[in-house]
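Work through the following exercises with the sequence and the model open side by side. Each task is followed by its solution in steps.

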Amino acid sequence: MDNTLDLLLNMNVSDLPEKEYKVKRLSGLCGSPVIFKLRALPYNQANDISRAQKEDMEVHILLAGVVEPNLRSPELLAKYSTVTPAEMIKKMLLPGEITDISRAIERLSGYRIDTIEEIKKK
């Protein structure tokens, strides 16, 4: 086990994982790729969302994990005649799109994937 400690002590701590996803329906409507850049949520933020947001949790995960575009933009809020980013998201995206994007953020954050593997003794 000392080897594992050495590995952990010598590893470089990196930024949170990020990926880009094209929103197919919006891309079709715009006639150009609509790309959302997603970032994993750190533990405290994911925990805060799950404790505070039992209702519309997927929307709040999406708002926390989408880096680009700025979904809190006053221009987007005005375009969709909404006061809050959560209301705007519900008007702009279909329910399945909200679920898919929030699940992609969850996967980047280590949820909904296998993150550990059992070591079987010979």
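The model is predicted, with local features requiring pLDDT of at least 70 and side-chain atom pairs counting only at pLDDT 80 or more, while totals for chains, interfaces and linings use all residues. Residues are numbered from 1 along each chain as its sequence is written, and side-chain values use heavy atoms, with hydrogens and water left out.

**Exercise 1. The nonpolar core**

Task: Find which residues of the largest nonpolar core touch the most other members, and state which elements give two or more residues to this core.

Solution. 
Step 1. A nonpolar core is a set of buried Ala, Val, Leu, Ile, Met, Phe, Trp, Tyr and Cys residues joined through side-chain atoms within 4.5 Å. Buried means under 20% relative accessible area, exposed over 50%, and partly exposed in between (1.4 Å probe, protein chains only).
Step 2. The largest core has 26 residues, and Phe36, Leu71, Ile89, Leu93 and Ile101 touch the most other members.
Step 3. Two or more residues each come from S2, helix H3 (43-52), H4, H6 and H7. Helices (H or I, at least four residues) and strands (E, at least two) are DSSP runs, numbered from the N terminus.
Step 4. H7 supplies the largest share of this core, five residues.
Step 5. For Leu93, leave aside neighbours within four places in sequence; the contacts are then Val23, Arg25, Leu26, Phe36, Leu62, Ile98 and Ile101. Contact means heavy atoms within 4.5 Å.
Step 6. As background, nonpolar side chains tend to be buried together in soluble globular proteins.

**Exercise 2. Helix H6 and its buried face**

Task: List the buried residues of helix H6 and state what they pack against.

Solution. 
Step 1. In H6 (residues 85-92), the buried residues are Pro85, Ala86, Met88, Ile89 and Met92.
Step 2. Viewed down the axis of H6, these residues fall within an arc of 160°, so they line one face of the helix. The arc is taken over the directions from the helix axis to the C-beta atoms.
Step 3. Their packing partners are helix H2 (24-30), strand S2 (35-39), helix H4 (57-65), helix H5 (74-79) and H7.
Step 4. Take Ala86 as an example: its relative accessibility is 14%, so Ala86 counts as buried. Not counting residues up to four places away in sequence, Ala86 touches Val59, His60 and Leu63.
Step 5. Ala86 and His60 are 26 residues apart in sequence, with a C-alpha to C-alpha distance of 7.1 Å.

**Exercise 3. A salt-bridge network**

Task: Work out how Glu18, Lys37 and Arg39 are linked.

Solution. 
Step 1. A salt bridge is a side-chain nitrogen of Lys or Arg within 4 Å of a carboxyl oxygen of Asp or Glu. By this rule the count comes to six salt bridges.
Step 2. Glu18 pairs with Lys37, their closest N and O atoms being 3.4 Å apart. This pair links distant parts of the chain, with Glu18 in strand S1 (residues 18-22) and Lys37 in strand S2, 19 residues apart.
Step 3. Glu18 also forms a salt bridge with Arg39 (2.5 Å, N to O). Here S1 is again linked to S2, across 21 residues.
Step 4. Check the accessibilities: Glu18 is partly exposed at 33%, Lys37 is partly exposed at 23%, and Arg39 is partly exposed at 32%.

**Exercise 4. Backbone exceptions**

Task: Find where the backbone has a cis peptide bond and which residue between H5 and H6 has a positive phi.

Solution. 
Step 1. Recall that most residues other than glycine have a negative phi, and most peptide bonds are trans.
Step 2. The bond from Glu68 to Pro69 is cis, with omega near 0°. Pro69 lies in the loop between strand S3 (66-68) and H5.
Step 3. Ser81, although not a glycine, has a positive phi of about 50°. Ser81 lies in the loop between H5 and H6 and is exposed, with a relative accessible area of 60%.
Step 4. Arg112 also has a positive phi, near 60°, and is found in the segment after H7.
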